[in-house]
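Here are my notes on the two ligand sites, as numbered points. Have a look at the model first, then read on.

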Amino acid sequence: MVGRGSKRPPPDTAAPAPKAVAVTSAASALGRTTTRQLDGLRRGVPVDQEASPLPMARVENVDRKRLRAYPMQPPTIPHSIDGYQVDKNSNRCMLCHARANAEKFQAPPVSVTHYMDRDDQFLATISPRRYFCNQCHVVQTDAQPLVANNFEDIDTVMAAAVAESGSVHEAAVASKGTP
Ligand code: HEC
Ligand code: HEC
């Protein structure tokens with residue numbers, strides 16, 4: 001709420017309550033205050049005071065892929081990328097992830113989308129749009145989420161709907177009405 005006027009109406013009138021509760025509980029687990037603010041970085045420390053930073057997250061380097069939350073999510077990187085240079089002259093990631101090298105390094109090749117330009121034409125080499133891998137792919141760390149979130153993937157939503165109605169078909173019909 002830093003930087004916002006204090007004359008705003010109390011949040012209760014505008015926002016639904018359950019979300020705020022979820023934020024508060026996860027926030028206190030991370031040592032934040034229980035005030036209802038989305039303050040992942042300052043963790044409730046007033047702006048005129050210096051916050052002691054959280055310890056730096058450790059990069060996981062155990063070759064274990066994480067579940068993607070939705071189909072077009074860029075997969076997180078299951079290995080460390082320290083010292084992998086990506087610049088005008090070379091792209092270290094493509095040493096292993098180019099189709100031609102993938103077998104040798106036992107790496108999954110980048111998918112066809114990475115060779116497509118914005119007009120959906122296939123190029124012979126990685127598309128400039130996909131050149132800087134870390135624009136979309138991030139390493140996996142043991143960091144805790146800065147703000148709570150109650151996202152559920154489609155499988156969870158469907159399973160809940162099926163459990164309620166007793167049939168996959170009805171669940172599909174019912175879920176069409178929901179955003
Ligand atoms: C030395 C070879 C090598 C280099 C260099 C390399 N990777 Fe990988 N990468 C792999 C291998 C092998 C895997 C398969 C999982 C594993 O063994 O870690 C992988 C897995 C991945 C995955 C997971 C794919 C999936 O389907 O879940 C992503 C994303 C990825 N790498 C991105 C990158 C990016 C971005 C870079 C450059 C910053 C990079 N890699 C550099 C070898 C490499
Ligand atoms: C603009 C965002 C973006 C950039 C930049 C990007 N990727 Fe991806 N990547 C994605 C998305 C989205 C997916 C999952 C859907 C797909 O395959 O298109 C993906 C999938 C992958 C996969 C898994 C392929 C598979 O078949 O499972 C690998 C490996 C990968 N990317 C590596 C890379 C490497 C290496 C680079 C840099 C040369 C790179 N990506 C650049 C968005 C990006």
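1. Which atom of ligand 2 does a polar side-chain atom of Thr113 lie 2.6 Å from? An oxygen atom of ligand 2. Polar contacts here are pairs of N or O atoms within 3.5 Å; within protein, one must be able to donate a hydrogen and the other to accept it, and residues adjacent in sequence count only if both atoms are side-chain atoms.

2. Some ground rules. This is a predicted model, where local features need pLDDT of at least 70 and side-chain atom pairs count only at pLDDT 80 or more, while totals for chains, interfaces and linings use all residues. Residues are numbered from 1 along each chain as its sequence is written, chains are lettered from A and ligands numbered from 1 in the order in which they are written, and side-chain values use heavy atoms, with hydrogens and water left out.

3. Back to ligand 2. Its iron atom has His114 (NE2) and His137 (NE2) as protein donors, 2.0 Å away (donors are N, O and S atoms within 2.8 Å of the metal, or 3.2 Å for Na, K and Ca; water is not among the atoms, so sites may look incomplete). Both histidines lie in the loop between helix 3 (99-105) and helix 4 (154-165), so the pair ties together parts that are 23 residues apart in sequence (helices are DSSP runs of H or I, at least four residues, numbered from the N terminus).

4. The six donor atoms around the iron atom of ligand 2 subtend angles of 87 to 178°, so the arrangement is octahedral (six donors with opposite ones over 155 degrees apart and all others between 65 and 115). Ideal octahedral angles are 90 or 180 degrees.

5. Around ligand 2 I'd look at 23 residues, with Ser111, His114, Cys133, Cys136 and His137 the closest (a heavy atom within 4 Å counts as near).

6. Now ligand 1. Its iron atom is coordinated by His79 (NE2) and His97 (NE2) at 2.0 Å. His79 sits in the loop between helix 1 (17-29) and helix 2 (92-97), and His97 in helix 2, so this pair ties together parts 18 residues apart in sequence.

7. Ligand 1 is surrounded by 20 residues, the closest being Asp63, His79, Cys93, Cys96 and His97. Helix 2 gives the most to this shell, with four residues. Arg68 turns up here as well: a polar side-chain atom of Arg68 lies 3.5 Å from an oxygen atom of ligand 1.

Note on methods. Helix = DSSP H or I, 4+ residues; strand = E, 2+ residues; numbered from the N terminus. Tetrahedral: all angles 85-135°; square planar, octahedral: opposite > 155°, others 65-115°.
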